[in-house]
Each structure stands twice: as structure tokens, then as C-alpha cells.
Amino acid sequence: MVDLDLFNTTVVDFDGLTLYLPNGKVFGEMIVNMSQSGHRRIELVFGVDDDDDLNTALRLLIECAQANQSVLNDPPPWAKVTSLGDNAVNVTLRCWASSDDYVDARFDLTKAIKETLEAHGLSFPYPHQVTINRPGLAKVSPDEERTPLEPAPGA
């Protein structure tokens, strides 16, 4: 907090922006303090290919967290398969860092995990577009004007 007067509270956020908050909001709404506890949880989600070894992916997530000096040992890093996406199996790493190290630890872990997973032959799938040709539908090239389908014989 930078200043508090009768009508406004002035704070500077993490990006260096000065925020003027009406006291009605400040005293009537929830305030989130991201540094008071001294630590923050990092959660990173990675989509790996359906054919990849999930146990290897989870082990590598934990190893990357343990190798990062900014990641706290207590509580220990956690990694699980958390969802099945449209084109990937999502694995999640949760670990903790001090509030001061949070941003660097998060970005350093993202880079290290990507490089480590790729080095061990795991891949990050990309969305695919599939074209399905249905019987009875007219095939039209992109530059042709689409015409209505002819009715089926006997219809």
C-alpha cells in the first residue's frame, strides 16, 4: 500500500502500475495478498501425446521440480494425469516456491520441462483437422459456388 485517504487507497501492483481503489470497494470486497504467506503454488499443465508413456512424463515433471533451486521441498512436488484433452493427455505439476522466486521459478520450470520431455522422446500434440466425406454430399472446390443437392431417386 502506498497511500490511504478518506476516499481512496493507492497501491502499486507487481507490474509497477499505480492503482487507485475506491475505499468502498477496498473495504467491501475481497483483497488477495500474493506475498504475505511467503510462498505460492506453481501449477503447470502440459499436454502429451496419447501414445507417450505417462509414468515417464510424471517422473520427469517431478525431477524437473526437484532440480530447480527455487522450488521448495515442503510440501513436495506433485504430478498427476489430470484430464484427457481433445488431442492430448494433460499432466499437471504442482509445486511451491517463495513469493520472491515465484515468477522466475514458473518460467524456468516451463522451459526445463519442455526441453526434458522432448529430450526423452515425449511429444506435444497439436490440434488436427479431419475432413469427413459423407456419401451423397456434393464435393465442391473452394472457388466453385455451392449448389443444392439433388434429391435422391424416388424421393
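Modeller: First, a definition: helices (H or I, at least four residues) and strands (E, at least two) are DSSP runs, numbered from the N terminus. This is a predicted model, where local features need pLDDT of at least 70, side-chain atom pairs count only at pLDDT 80 or more, and totals for chains, interfaces and linings use all residues. Residues are numbered from 1 along each chain as its sequence is written, and side-chain values use heavy atoms, with hydrogens and water left out.

Colleague: In what pattern do the helices and strands follow along the sequence?

Modeller: Start with the count: the chain has 3 helices and 6 strands. Read along the sequence, the pattern is β-β-β-α-β-α-β-β-α.

Colleague: What percentage of the residues in the chain is buried?

Modeller: Buried means under 20% relative accessible area, exposed over 50%, and partly exposed in between (1.4 Å probe, protein chains only). The chain has 155 residues, and the buried share is 27%.

Colleague: Where is Leu19, and is Leu19 buried or partly exposed?

Modeller: Leu19 sits in strand S3, residues 18-22. Its relative accessibility is 32%, so Leu19 counts as partly exposed.

Colleague: How far apart in space are Leu19 and Val2, C-alpha to C-alpha?

Modeller: Along the sequence, Leu19 and Val2 are 17 residues apart. In space, their C-alpha atoms are separated by 9.5 Å.

Colleague: Which residues form a nonpolar patch on the surface?

Modeller: Patches are made of residues with over 30% relative accessible area and no salt bridge; like charges are joined within 9 Å, nonpolar side chains (Val, Leu, Ile, Met, Phe, Trp, Tyr) within 5 Å. Areas come from the Shrake-Rupley method with a 1.4 Å probe, and for residues only the protein chains shown count as cover. This patch has about 230 Å² of accessible area together. Its members are Leu17, Leu19 and Leu21.

Colleague: Which residues gather in a patch of negative charge?

Modeller: Lys and Arg count as positive, Asp and Glu as negative, while His and the chain ends are not counted. A charge is placed at NZ of Lys, CZ of Arg, CG of Asp or CD of Glu. On the surface, the negative patch gathers Asp100, Asp101, Asp104 and Asp108.

Colleague: Where is Asp101, and what is the relative accessible area of Asp101?

Modeller: Asp101 is in the loop between strand S6 (89-98) and helix H3 (102-119). Asp101 is partly exposed, with a relative accessible area of 33%.

Colleague: What is the C-alpha separation of Leu72 and His39?

Modeller: Leu72 lies in the loop between helix H2 (54-67) and strand S5 (78-84). Leu72 counts as partly exposed, at 30% relative accessibility. His39 is 33 residues away along the chain, yet the C-alpha atoms are separated by 8.8 Å.

Colleague: Is the peptide bond from Asp74 to Pro75 cis or trans?

Modeller: Pro75 is in the loop between H2 and S5. Most peptide bonds are trans. With omega near 0°, the bond from Asp74 to Pro75 is cis.

Colleague: How many salt bridges does the structure hold?

Modeller: A salt bridge is a side-chain nitrogen of Lys or Arg within 4 Å of a carboxyl oxygen of Asp or Glu. Arg41, Glu43 and Arg94 are linked in a network of them. For the structure, the total is 5.

Colleague: What is the N to O distance between Arg59 and Glu63?

Modeller: Both residues lie in helix H2, 4 residues apart, about one turn of the helix. Arg59 is partly exposed at 40%, and Glu63 is partly exposed at 37%. Their side chains meet in a salt bridge, N to O, at 3.1 Å.

Colleague: Which residue forms a salt bridge with Glu115?

Modeller: Glu115 counts as partly exposed, at 42% relative accessibility. At 2.9 Å between the closest N and O atoms, the partner is Lys111.

Colleague: How far apart are the closest N and O atoms of Glu118 and Lys114?

Modeller: This pair also lies in helix H3, 4 residues apart. Glu118 is partly exposed at 39%, and Lys114 is partly exposed at 39%. The salt bridge has its closest N and O atoms apart by 2.6 Å.

Colleague: How many disulfides does a search of the whole structure find?

Modeller: A disulfide is a pair of cysteine sulfur atoms within 2.5 Å. Cys64 is buried at 10% relative accessible area, and Cys95 is buried at 0%. Across the whole structure, the number of disulfides found is 0.
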